[in-house]
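Open the model in your viewer and keep the selection panel at hand.

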Amino acid sequence: MTLQNSFSRRRFLGQSTLVGAGAAASVMSLDILKSEAFSKQLKQKGKRVLLLWLAGGVSQLETFDPKPGRLTGGPFQAIQTAVPGVEISELMPKMATRLKHTAIIRSLNTKIGDHGGGARLMHLGRRDEPNLSYPDMGSVMARELGRPDSKVPDYVTFYTATEGRGNAVGQAGFLGSRYAPMFLTTGNKPQNLERLESISDLDHRERADLRRVLSARFTQGRVSPALGSHNVAYGRVRGLMSSEALFDITREPKSIQDKYGPSLFAQQTLVARRLIEAGTPFVKVSRAWWDSHGQNFETHLEMVTELDHVMSTLLDDLQERGLLEDTLVITLSEFGRTPTINGSLGRDHFARAWSATLSGCGIRGGTVFGSTDEDGQHVKDGEVGAAELFATIYAAVGIDPQHEYYVGSRPVPLVDSGTEVISEVLA
Amino acid sequence: MAEIGPKFFKEVKQISRGDILLRISHQASMQSVYVGSSDAKIYSVDPLADKPEFHEFQGHTSYVMGLVDTGKHLVSGSYDRSLIWWDKESREIVRRVEDAHDRWIRNMFLSPDGQTVLSVGDDMVCKLWDAESGELVRELVSHQKITPNHFPNMLYATAVSPDGKLIATVDRIAKIKIWDFKTGEEVTEFEAPKCYTWDPQKRIHSIGGIRSVCFSPDSKSVAVGGIGPIGNIDHLESPGRVEIFNVASGEKTHEFEGDKKIIGLVEQIVFHPSGKWLMAVGGKETGWVQFLDLEKKEVIRQIDAPMHVHQVAVTDDFSTVYGAGHGKLIVWSLVQ
Amino acid sequence: MRLSQSIILLALGFVPLSMVQGETLIQDVVDSMLDAKMQQVNITAAPMADDYNILRRTTLDLIGRIPTSAEVDRYVTSEDSNKREQMVDQLLQSPAYQKHLAYDLNLLLAPAGNNELQNFLEQAVTQRRGWDQMFRAMLLGDYEDELERQAMKFVKLRVKDLDNLTNATSSLFFGVNISCAKCHDHPLVIEWTQAHFYGMKSFFNRSFENGDFVGERDYGALQYQTTDGKQLDAQMMFLSGKVIEEPQWTSPDAEKQKAEKKQLEQLAKDKQPVPVPQYSRRAQLLDIALNGDDRSYFSKSIVNRIWYRTFGYGLVMPLDQMHPSNPASHPKLLDFLAQDMSDHGYDLTRLIRGLVLTQAYARSSRYDGENRPPQLWFAVANVKPLTPQQYAAALLFGARNPSQFASEDVLKTQAEIESVHAQARTLAVKFDVPSDEFQVSVDEALLFSNDAALEKDLLANRADRLIGELMILSTDAEVVATASKSIMNRPVTKQEQRVMMKYLKHRQDRREAAVIQLVWALLTSSEVRFNY
C-alpha cells in the first residue's frame, strides 16, 4: 500500500495557517449574489472530472499541435478533424473524428521545465508556497463536487509506472486528508478494500463497533477537527469496502471490455469510468512515461496510438451513457516537448509553448484556443499559464474560480487572484 | 596501388546542415550522392566539390526513409507512405505510388540484379516492386502487426542476399524473417531478443528493435543491428549491438556488444566484400563507426562520428564511405 | 510557591522586563502570565491532567514514544513531590530526546519528504548548539566542516528557486511569510511591500548551486517590476525595513565571466566547494538577523514555534504571520521568552524544559464545562495528532508484551526499548505527516482495517507481543486491564471494562480471535492516534 505520504506537513513546529475549529472554511466570494451562488451550487451537482495525466511530458507536436512540413514537425503528418480547419497529428485518427467534444488549448506557457516542478505546478495550478500547502486539483474537486457521506471514494488516482510517480502530486493540503486521494500504484484495485480472510464479516463489523465505542468515550469533552476526521475515516471504511466491485472491470460486459482493450491504461480508464458513473467526482488515470529524450517518434507512435484509442473510447462510452455532459475529461502533462529534434531523434522538456485538452462537461467542443508560431517555438496568440487553465477547469464544472477558502484569517482563492478563465473554450 | 582498410579510416570532409539526413545512395559512376532528408526532400550533391551544391528533388511530404538508385531511376519512399520514381537528370517525378504502404515507409533495398525494389513499412508488409515498371510484384506478410504488449509493431529494414535468393526483414520486437525471393515463402525466423526492451514497470513502453540487416557476401549469414537492453528507455543509453546468424542452421555465430564508446542504435551494417570484416554505423546524440573482425570476433577499430549516422553509402572498392546523419553529410576515406 | 513578587508585577505589566532581577524560572513566568490573562478575561482553566495523562503526554512530546507499563507504574506510584521535574529531566537527558527533536526540526526545515538535515540537527541538538548557531550553519555553513556541510542543505535544496529560498528563510526563521509581497504589496499587512520581498531576496540573489555545493558571487544585483510597471533595483533590506549599504562592486567582463564559468565547472567536477566571496550577502543577512533590535524576529519566531510544538497552538497564529497587525495573544510573555532565548544562547532545550514544566502544559485536554475557552488562552490542553514517528512508536510499544520492558536488568530493558523504538522508523512511512489542518485519511483507516502486513506486525500471537501475553492470562478482566495499560497507558474505566468484557464473552468460542480484535480496537482508537 502506498499511503500517499501527503506532502502537507509541518504540524510540529507547525506552519500553522489555520485558526480555530474545522478545516479550511469555505466561503463564496462576497460579491456574488446569494441567488447566483445557489444556482452555481446547483450547477456543480453531479459534475465529474476525469484527468488523463500524461506523465513525463507528451509532445504537443505529435498530438494536438502538429507542425507538418516544418523541420520541427517530425515525420508524422497532420490530419483533418471533424471540425473544419482544425488539424491534429495523424497519430490520432480516432480523436480526429470526435473532436467536436474537445477544446484544444495550444498556448500554454508554464515556464517550469523540470519534471518535479512542472508536475507540481500542473497539479496545484500555482507555484508552491513554503508555508501553505495547497490542495491539488483532485482534492478541490473531491471537496467541491463530492458528498461528505459518500460510499464511493471521492478522489482516486492510478499511477502504476514507477517513473515520475513521486511527482504526481496527490495532496489535500489545507483542505485536509479527508480529501486526499486513494492512490493506486499496483494494478487496478485499491489495496485494503478487501477484508482479510482471517476475520469474518461479522467480526470485522463488530470490531469496528467496539473501536467506535471506545473512541467515542475519548472524544467526550475534547474538540479537534483532526480528532473528528479520525472517526469519520473509520466510519467510511465499510462503505468503501462495498465499492470494491467498482474496481473490477470483469463486471463490465465483454463488449465494453473489448472496446477499451487490453492495455493497462485502457483498463484503468475503464475503471475510472465505472467510478465516475457510480458518483466518484474525481479520478486521475496516469499514463507514464512520455519522457522521450531519445526516439521520440517511436515512443509517441506507441503511446499516442494508445492515447487516441483510450481517449476516444472513453468519450464514446461516456456519451453513450449520457455522462459526457456532466463529465470533464482533461489531458494534461507537466510540460510539452521541444520542437527542436535532438541527435537521438528525441525531444526534450519544453514548457514554453504546449497544449492541453478539455472535453465534455462545460466545454465548447471543437474550439482551439491560442496558437504557436510556425515552428512551435513560441506562443503566438492567447498565452495562458497554469492558473488560467485551472480557472477554466473549475469554471467548466460550475465551480467559481474566485471561490475562496479561509485558511486562518487569510483568504485563499482557488486560483491566484486576478486570473481570468479562458471563456472561449467554455460552453 | 594504395592499400584500403579500416586502419586508414579517416574523415575527409563534413558538411553541416539544419536538417536530418536519413538516407543516402551513391552514384557509382559519379562523384555525387543522393541524400534523403527530414525536410521531405531528396538532394543530389557532390560533397567533395569546393562549394557543394544541393539539388532538390521535391515531391514527398515527410521524412525520406528509403532511397535506391536503380541505374535508370532514383526511387524513394517516405513516412508519407508513397514511393516515387524520379528522373535523375531532370529531378522530375516519373511515377508516384500513393499509399504504397498503409502505414509509414521505414526503409528500402534494391535487389542485386537491380530488377526489384523492396520497401518495408509499419503495415508490417515487405513489398517487392518492379524497378522498371513500378508494378507491385509481391507482398511478404507475416510479421505481427501488434507487439505482445498490444502496441503497434514496426518493420524497420530489409535486405536481399548477394546471390539474389533470399530476403530478410526485421522488426521492432526483434524478429528476423527470411523469405524465398522467388516464391515469397517464409523460409525461417530468428530472434535477437536483446535488441528489444519492453519496460513493464518503470515506464510502460518500449525501445529498440532491429534497425539494420545485411547478408554476408557469401549469402550464408545474415547480420542484424540494433541496441542492447536499456535501463532507462527514454534515452539510447545502451551499447549498440550486432548479431550474426547462419541462415541454414539458424545458429547465432557472432554477437558484438559495443563498449562505452559504442552507445546507441546500429543503424546500418555493411560487409566488406571479403567477408572478413564489417562496418557498423549509428549513434545516439552523436555517432560512431565501428569495424568488426568476423574471424577473430573482435573489434578492429571504432571511431567517433560528429553526428548520429543514419545511413552510409560505400563505394564498391570500399575506398570511400559517405555518411548521412543528424545535421551532417560526411565523407570518410579508407585509403592509405 | 516560587513566584517572586517581581514576576507577578511583570506579569501584570507593571514593570518592564529589564527590571526583573535574578534568575527567573520560565515555567513560573509562563504560568503567572497565562493565569493573569485568564483572570482578566474571566476564564476557568481545565483541571490538571492525572499522572497517567501527564506521563504519556510528556513522554510523547519529549522522546516521541508512549511510556511502557513499567514506566507508568513507576511514575504513578512514586510519592516524590518532585517527580514530574525528575521525569522531565530524565527524558531530556535521553538520546531519544535529541533524535525526536531533530526529527521534528527536520520536518520543519527540510523540503517535504526530505531528511537530509536530520543528522546535522541531531548532532547540533546533542552538542547543545544554540538555534542561532544552527541557523548560521544552515545559511552560511563552512564546507570544511562535515556537519556544516550537511547543514548547508537548507540552502542547497532550495537555491534553484530563489523565491522559495527567500520565503522559506523568512517564514521558517523569522515568522514572516512575505510571498504575497512578491507580486504586489502585501494585501493584509501594510508593512510589507514588494521592496521587502525583493530586499530579502537580495540576500540570496548571488547564491547558486555548483555541483554538490552552494556558492556565492561577489557581484550581481536584483531588479524587479512594480505593479505599475516600473523597473526598480532591489536593495538588501531586512523585514524591519533596515537597508544594508554595501561596498562598491563591478560586474566582471565577458572574459572574466568565461574564466569564472570554467573554474566553476572544474570545481564541480572535482567535487570542491566554491571559494567564499570577500563580501557575502548571506553573511549580511545573518549579521542583521542576529544582532541589535532586529534580532527579535528571529527570537520570537523560534519561541512561537517551540511553543506551538509544546502546546499545539501558537502565541501568534498563524506561525508565519508574525506582524504588527496580528499581535500575540500574550505579547509580554512572547517578549520575555524571546529575551530569555537570546540571553541564554538560544538554548532550545532550556525553553522546552521550561514549557513542559508549566502548569498550563499539565492541564487536561478534556473540558466538560459549557463554555470551552478558546485555544488562545491555553486554559485547556490541545489534542495533537501524532507524527508518523510518534504514531508508529505508540503502536509498536502498545502491541508489545509489556513484560519485555519490565526486566530487572536496566540495561537490557533499555536495549529492548531502543530496539523497538528504532523499528518505528520503518512503520512510520505508512502514515501522513500531519499539517496544521490535519485530517486522518480514509487510506489510513483502510490500512488498519484490512492490511495483512500490519496485522502480522501488531496483532501476532507471539510471546514477545501483547497478544501472546494476553492469551496466557486466565480472566477476561486481566486481559482487558493489561491490554488497556499497555496501549493506553492507564487503567481501564468501569464502562470500558464492561464493553470489552462483553465483547470477549460473546466470543468464547473463538477466544484468540476475540483477543486480537480487542487489541485492534484499542490500537486503532482515537486515544492512541493523538497526544491529548
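Select chain A and chain C together: they bury about 7100 Å² between them, with 56% of it on carbon and sulfur atoms. Buried area here is the accessible area (1.4 Å probe) that two parts lose on being put together, summed over both. The model is a predicted one, in which local features need pLDDT of at least 70 and side-chain atom pairs count only at pLDDT 80 or more, while totals for chains, interfaces and linings use all residues. Residues are numbered from 1 along each chain as its sequence is written, chains are lettered from A and ligands numbered from 1 in the order in which they are written, and side-chain values use heavy atoms, leaving out hydrogens and water.

Next, select the residues in contact (heavy atoms within 4.5 Å). Chain A brings 72 residues to this contact and chain C brings 85.

Now look for charged pairs. A salt bridge is a side-chain nitrogen of Lys or Arg within 4 Å of a carboxyl oxygen of Asp or Glu, and the interface of chain A and chain C has 5 of them. To see one, select C:Arg510 and A:Asp203, whose closest N and O atoms are 2.6 Å apart.

Colour chain A by secondary structure. Helices (H or I, at least four residues) and strands (E, at least two) are DSSP runs, numbered from the N terminus. On the side of chain A that touches chain C, the elements giving two or more residues are β7 (182-184), α5 (201-219) and α6 (225-241). The most comes from α5(A), with 13 residues.

Select domain 2 and domain 3 of chain C. The contact takes 5 residues from domain 2 of chain C and 6 residues from domain 3 of chain C. About 370 Å² is buried between domain 2 of chain C and domain 3 of chain C, with carbon and sulfur atoms giving 68%.
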